[in-house]
Number of protein chains: 2
Amino acid sequence: MKTPRRAGPLVVIGGAEDKTGDCVVLREFVRLAGGARARLVVLTVASEVPDEVGATYLEVFQRLGAKQVRVLDVRERGQTAGAELVEAVEQATGVFFTGGDQERITNLLGGTAADQALHRRHEEGLLLGGTSAGAAMMSANMILEGKSGATPRVGHVRIGPGMDFWRGVLIDQHFGQRGRSGRLLSALARYPHQLGVGIDEDTALVVQGEEFEVIGSGAVAVFDAGCATYNDVLDRQPSEHVALCNVRLHVLTAGFRFRLSDRQPEFVARTARARRTESKRHET
Amino acid sequence: MKTPRRAGPLVVIGGAEDKTGDCVVLREFVRLAGGARARLVVLTVASEVPDEVGATYLEVFQRLGAKQVRVLDVRERGQTAGAELVEAVEQATGVFFTGGDQERITNLLGGTAADQALHRRHEEGLLLGGTSAGAAMMSANMILEGKSGATPRVGHVRIGPGMDFWRGVLIDQHFGQRGRSGRLLSALARYPHQLGVGIDEDTALVVQGEEFEVIGSGAVAVFDAGCATYNDVLDRQPSEHVALCNVRLHVLTAGFRFRLSDRQPEFVARTARARRTESKRHET
């Protein structure tokens, strides 16, 4: 039996979240960070165009009511040991990781003083958010890259250590848009103890304690290979397909909660969060 | 309780089957049709380039040992009532439908004397095969068109009547290659009594009685939404995502059988058919 998760919330976004309309997903991040009293840090470490991406999030978070927003970038490991990033994390009520390349996050932050500060503060309750690469890195094992397609092949995915803020899951992003069910299933065939979570664009999980809730305009596919009765991944060559029997699949939209303890979804649309998402959904 | 299926076998191919190498899938079709004694009819009705497609299958089926191969095309409904097609079906030991547009098959053959002859002869044991569009049309309800993507939206698929040779299933083809899990799930959300069968390229189901076996180099994804505990398709608008909970998913490769009666797979790799496929798999 695992100890219930007591760390701060996570907002794990499938990429390409709305930044000009109702901003359901980013608005929820700001709300959880304290709204007008939020002290946000935007980390552009994953991005190849950090100035542009940083300016975008600075503008949108301020528009959504956050008065204190700092954009910080990391281009080399030396910086992350620096006082500025660590001090910013210490002061923050929410830290947001932008998209880009998830290996830049682990490569430049992993094991640094900033990494330690992020983990300690998160354990104490600090809110973390991330989109695309910033979502992928949340788990202990992350998908580095893979091929699109609906059925799994052994060699269609490459997995490495993530930043380990959310254990027990494997996250994939841009999920529906890029047809990634095959690569997520490939990863789960190797690590069936992990729960596979494929998040569409403009869609997010809000993780709190031992459950998450879905917000945003798309869907989240949850693959549970823990109950699989057959899995031949160890007998297959990289170019070959994997066989898997009796995998459980849930496709969840805004208004669903998912309990990690027994891996079951529950429809709870009448939460305030879901109502906010619903109202947006009906306008589109 | 359904009556066990007593009709002839079906070879349902996900498209782009190997025609120059070991030809595992097409070779099995020829074998089931009687090998050297086979009398094959190739129907190019679905194709926009019937001459080219017909010549290709004529060559490959002859190379695989079939001595009698007739290519027949249908460009207008009048032809299908003609004696030639009906007489060819009466004499055949196997009828093969090429790829193209599945609506051409239903539109030009549906309800004609040839359609009646195909059904009567199939009920008496005639082997039928089809690839791509020729696979899609096998079921009573078929996917006409849809959008790629991994998560389902209500409006992402259009379904219409198929040729009704295989009841109780919804077939999708080019499945892994075109990332079609979302559109098949959309269709199943509406018709959860059907079993969803997504077939990769160069991969086929050999349907006999109340079970099918997988052959070829790819995988077959079987989605069972009959056991779903939540499905909100009726409450959603066409642009919206569908939520589905507790769908069962199997990814099957060569060597698997699937029982339609209790919707469960079984690994039976040591059948002669699977051995032939396995030997090819290990060479690649």
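**Close-up views of a two-chain predicted model**

**View 1. A:Gly179 is buried, with 24 other C-beta atoms within 10 Å.** Buried stands for 20 or more other C-beta atoms within 10 Å of a residue's own, exposed for 12 or fewer, and partly exposed for anything in between, with C-beta atoms placed from the backbone. This is a predicted model: local features need pLDDT of at least 70, side-chain atom pairs count only at pLDDT 80 or more, and totals for chains, interfaces and linings use all residues. Residues are numbered from 1 along each chain as its sequence is written, while chains are lettered from A and ligands numbered from 1 in the order in which they are written. A:Gly179 sits in the loop between S8 and H8 of chain A. Helices (H or I, at least four residues) and strands (E, at least two) are DSSP runs, numbered from the N terminus. Leaving out residues up to four places away in sequence, A:Gly179 touches A:Ser148, A:Gly149 and A:Ala150 in its own chain, and B:Ser148, B:Gly149, B:Ala150 and B:Gly179 in chain B. Contact here requires C-beta atoms, placed from the backbone, within 7 Å. A:Gly198 is 19 residues away from A:Gly179 along the chain, and their C-alpha atoms are separated by 10.0 Å.

**View 2. Two residues other than glycine, A:Cys23 and A:His174, have positive phi.** Phi of A:Cys23 is about 50 degrees. This residue lies in the loop between strand S1 (10-13) and helix H1 (24-33) of chain A. A:Cys23 is partly exposed, with 19 other C-beta atoms within 10 Å. Phi of A:His174 is near 50 degrees. A:His174 belongs to the loop between strand S8 (169-172) and helix H8 (181-190) of chain A. It has 22 C-beta neighbours inside 10 Å and so counts as buried.

**View 3. Strand S4 (residues 94-97) of chain A has buried residues pointing both ways.** A:Gly94 and A:Phe96 point one way, A:Val95 and A:Phe97 the other. In a regular strand the side chains alternate between the two faces of the sheet. Strand S2 (residues 39-43) of chain A runs parallel to S4(A), joined by four bridges. Two strands pair if DSSP finds at least two bridges between them. A:Leu40 has A:Gly94 as its bridge partner in S4(A). Four bridges also join S4(A) to strand S5 (residues 127-131) of chain A, again parallel. There, A:Phe97 stands opposite A:Gly130 of S5(A).

**View 4. Helix H6 (residues 113-123) of chain A has a buried side and exposed residues facing away from it.** The buried residues are A:Ala114, A:Asp115, A:Ala117, A:Leu118, A:Arg121 and A:His122. They lie on the same side of H6(A), because they cover an arc of only 165 degrees around the axis. That arc is taken from the directions from the helix axis to the C-beta atoms. A:Gln116 and A:Arg120 are exposed on the face turned away from the buried side. Just after H6(A) comes A:Gly125, with a positive phi of about 125 degrees.

**View 5. Chain B meets chain A through 38 residues, in contact with 38 residues of chain A.** Helix H8 (181-190), strand S14 (244-252) and strand S16 (264-267) of chain B each supply at least two residues of the side that touches chain A. S14(B) gives the most, with nine residues. This side of chain B divides into 18 nonpolar, 15 polar and five charged residues. Ala, Val, Leu, Ile, Met, Phe, Trp, Tyr, Cys and Pro count as nonpolar, Asp, Glu, Lys and Arg as charged, and the others, Gly among them, as polar. S14 of chain A (residues 244-252) and S14(B) run antiparallel, joined by five bridges. A:Val247 has B:Leu249 as its bridge partner in S14(B).

**View 6. A rotation of 180 degrees, with 0.0 Å of shift along its axis, superposes chain B on chain A (RMSD 0.0 Å).** The two copies are thus related as by a two-fold rotation axis. The same surface serves both copies, with 97% of the contact residues of chain B recurring in chain A. Superposition is by least squares on the C-alpha atoms of residues with pLDDT of at least 70 in both copies.

Note on methods
Contact = placed C-beta atoms within 7 Å.
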